[in-house]
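Reader: Could you take one part of this model and walk me through it closely? I'd like the cut-offs spelled out as you go.

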Amino acid sequence: MQPFTTLTSTPAPLKVINVDTDMIIPKQYLKTIKRTGLGTALFAEMRYNEDGTENPDFVLNQPAYRKSEILVAGDNFGCGSSREHAPWALLDFGIRCVISTSFADIFYNNCFKNGILPIVVSPEDLEKLFDDADRGSNATLTVDLAKQEIKGPDGGTVTFDIDPFRKHCLLNGLDDIGLTMEKAPKIDAFEAKLAKRAWA
C-alpha cells in the first residue's frame, strides 16, 4: 500500500449529503475482484449521461477538478452497503483523501485499509473547505498527516483527529497484509520450532 504523508491538490467540492456506496460505484461494476480499473466507473450515474457521454455539470468532469486527489463532500459520506469497491474506485481515479463531517463506519474503515485518508471536520470547517474548493484551480489544499493539519490556499489551517494506530499504518503504507509481514521473523521462528517438534 502506498504510504500517505503529505498531499497537495486542488480539492473537488461534492456538495451532496448521504452519498452512498452505490452512488460511488454502481452495482453493475461489482463483478470484478480486482482493485484496479474501477476509476472510470466512479460516480458513473452522475458523471455520465444515458448515452455514455460526460455530464459537463458533474464536478469531476470540470477541467479544474479532473485530477483532484482530495474530495470535499457532504455529511454521511459512504453510507449504504459495505462494498469495498467504493474505496477501490476512489483510489483508482486518484483520490487519496476525502473530507466530510461524518462517514459511514464500514466505508471509513475500508478507506484506511486501502490507503485513503478520511478526515472528519466540523460543519464550520467544512464550509471553509468548500469555499476553498469552489475556487477551482486557483486554490490548493495541503493535507499533512504527521501534523494532522489541512492548510488552505490563504494560509488558514484546519486540524483533525485520527486514531494513532491508523495514522501509523497510513504513514508507513501498512495494510492488513503489511502488518502481518512485519511479524514475519516471529512467524518463521514459530514455524521452525513447530517443524522441529513434528520431527521429534
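Author: Helices here are DSSP runs of H or I with at least four residues, strands are E runs of at least two, and both are numbered from the N terminus. A word on ground rules: this is a predicted model, so local features need pLDDT of at least 70 and side-chain atom pairs count only at pLDDT 80 or more, while totals for chains, interfaces and linings use all residues. Residues are numbered from 1 along each chain as its sequence is written, and side-chain values use heavy atoms, with hydrogens and water left out.

Now H4 itself. Its buried residues (under 20% relative accessible area with a 1.4 Å probe, protein chains only; exposed is over 50%, partly exposed in between) are Phe 107, Tyr 108, Asn 110, Cys 111 and Phe 112. The cover over them includes H1, H3, strand S5 (117-120) and helix H6 (164-172).

Take H3 from that cover. Two packed helices are described by the angle between their axes and the distance between the axes. For H3 (residues 85-93) and H4 (residues 105-113), the axes come within 9 Å and cross at roughly 45°. That makes the two oblique, given that under 35 degrees is roughly parallel, over 145 roughly antiparallel, 65 to 115 roughly perpendicular and the rest oblique. The axes are lines fitted to C-alpha atoms over the stretch in contact, with angles running from 0 to 180 degrees between N-to-C directions.

At the contact (heavy atoms within 4.5 Å), Ala 86, Pro 87 and Leu 90 of H3 meet Phe 107, Asn 110 and Cys 111 of H4. Sorted by type, these residues come out as five nonpolar, one polar and no charged, where nonpolar covers Ala, Val, Leu, Ile, Met, Phe, Trp, Tyr, Cys and Pro, charged covers Asp, Glu, Lys and Arg, and the others, Gly among them, are polar.

Phe 107 is buried, with a relative accessible area of 3%, and Phe 77 is buried too, at 0%. Those two rings form an edge-to-face aromatic pair, 5.4 Å centre to centre with 70° between the planes. Phe 77 sits in the loop between S3 and H3 and Phe 107 in helix H4, so the pair ties together parts that are 30 residues apart in sequence. For pairs, ring centres of Phe, Tyr and Trp (its six-membered ring) lie within 6.5 Å; planes under 30 degrees apart are stacked, over 60 edge-to-face, the rest tilted.
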